[in-house]
Amino acid sequence: MGAALALATRGRGRTSPNPSVGCVIVRKGRVVGRGWTQPTGRPHAEAMALAEAGEAARGATAYVTLEPCAHTSPRGPACADLLVASGIARVVAALRDPDPRTDGQGLARLSDAGIAVVSGVREAEARDRIAGFLTCQRLGRPHVTLKLALSLDGGVSMADGRSQWITGPEARAHAHLERSRHELILVGAGTLTADTPSLDVRLPGLQAQSPTRVLLSRRADTPPGWLTIREPADIAGLPGDHLMVEGGAATAAAFLKADLVDRLLLYRAPILIGAARTLGDIGLSALGDAHGRWRQQDRRTLGVDTLEVYGRA
C-alpha cells in the first residue's frame, strides 16, 4: 500500500475532477503491475496497472488507494468490473469512495464476484493524498494551501509590498514543486502590481504543469490568461481541486479570516526585515481561539531556510 500511496502523488494537480489514485498489483511476492490516475482523470490507476500486468493479474492481489469505481462512463469502464474480469483474487483498498456513484458499491461488486476484499488500510494517508477531491465532494470548493515566505520577525514583504526574494533558491524550488501539484494558483491585486509574478513552474521537466492563474480583485480588468474572483468564497466556482494562495499579506489574511485555508506552507528565512508587512487582521477576537487550530505535518531544512507544513487540526 505504501507503493500505491507513492504512485498516487504523481497525478496530483492534473486529474481533476477525478481523484489521483495509485494501484499496485502483486503476484507471488512480485510487482506485476503499477498504475496511477492519468492527466484529465483517465485512464484510472487500476486500468493502467491491469494493462501492465496482463495475464499475471490472475490470482494476484491489487493494492489501491481508493475504492475501485462502480459506475461506467463514456470515457471508460468501471474499475470494479475490470478487476473482476482480470481474475484478481484479492483487493486491498485504503479508502472508501465518497462519490455517491460508487460509495461502497465497488467493494460490494468485488466481494459478490468472490474476490477477497480488505479496506481501511492506511486510510489517513490515503485521505491526505486525495484531500482536494474529498474537499470538493464535502464542501464544494477546492482544497486551499496558503504559502507564506516569512522573515524571522514575521514579515511577508517590505513595507512597499516587495517580496522578491525573502527565501533562498532551495526553498523557491520546493515552492515550484508545490505549484506543479495544484490546478490553480492565486494572488491579490497588490502582489500583481508590486511583483508582476509569472506564477509558472520553472523546474526542468515540470514546466507543462504550471497552474491556472487566479486574481483576487474587485477591479474589472483581468490580465490575459487569468481568472478573476472578487471574494475568497468565490473559489467554489473555480475549475480544479487544489488551489495554492501565494500572496500577498492582505490576500492571505482574507482567506484565513474566511476560514478557507486547509493547509499552511511556511517558508521561514533567517533574515530580519524590520519595517515589514505582516498578515494583519484574520478575524481573531481572543488569543485562546488561536490554539488548537493547526497540526504540524512536516518540518524540513531547505538550504538556509526552514519549511513547516501544517494542516487543519
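I looked up the largest pocket and got a volume of about 850 Å³. My model is a predicted one, so local features need pLDDT of at least 70 and side-chain atom pairs count only at pLDDT 80 or more, while totals for chains, interfaces and linings use all residues. Residues are numbered from 1 along each chain as its sequence is written, and side-chain values use heavy atoms, with hydrogens and water left out.

For my own record: on a 1 Å grid over the protein atoms alone, a pocket is an open set of points with protein on both sides within 12 Å along at least five of seven lines, a cavity is a set where a 1.4 Å probe fits but cannot get out, and lining residues have an atom within 4 Å of a point. Points are joined across faces, edges and corners, and the volume is the space filled by probe spheres set on them.

The pocket has 29 lining residues, and closest to its centre I find Asp-128, Ala-131, His-143, Arg-263 and Gln-297. Helix 6 gives the largest share of the lining, 6 residues. Other elements giving two or more residues include helix 5 (123-129), helix 7 (169-179) and strand 14 (294-302); helices (H or I, at least four residues) and strands (E, at least two) are DSSP runs numbered from the N terminus. By class, the pocket lining splits into 7 nonpolar, 8 polar and 14 charged. Here Ala, Val, Leu, Ile, Met, Phe, Trp, Tyr, Cys and Pro count as nonpolar, Asp, Glu, Lys and Arg as charged, and the others, Gly among them, as polar.

**Cavity**

How many cavities of 30 Å³ or more does the whole structure hold? My search found 1, and the largest cavity has a volume of about 40 Å³. Its lining includes Arg-12, Pro-19, Phe-133 and Asp-241, and I count 3 nonpolar, 6 polar and 3 charged residues there.

**Lys-147**

Is Lys-147 buried or exposed? Lys-147, in strand 6 (residues 143-150), is buried because its relative accessible area is 15%, and buried means under 20% (1.4 Å probe, protein chains only). Leaving aside neighbours within four places in sequence, its contacts (heavy atoms within 4.5 Å) include Ala-175, Glu-246 and Tyr-267.

**Strands**

Strand 1 (residues 22-27) pairs antiparallel with strand 3 (residues 61-64) over 4 bridges; pairing needs at least two DSSP bridges. Ile-25 has Ala-62 in strand 3 as its bridge partner.

Note on methods: Buried < 20%, exposed > 50% of the residue type's maximum accessible area, 1.4 Å probe, protein only.
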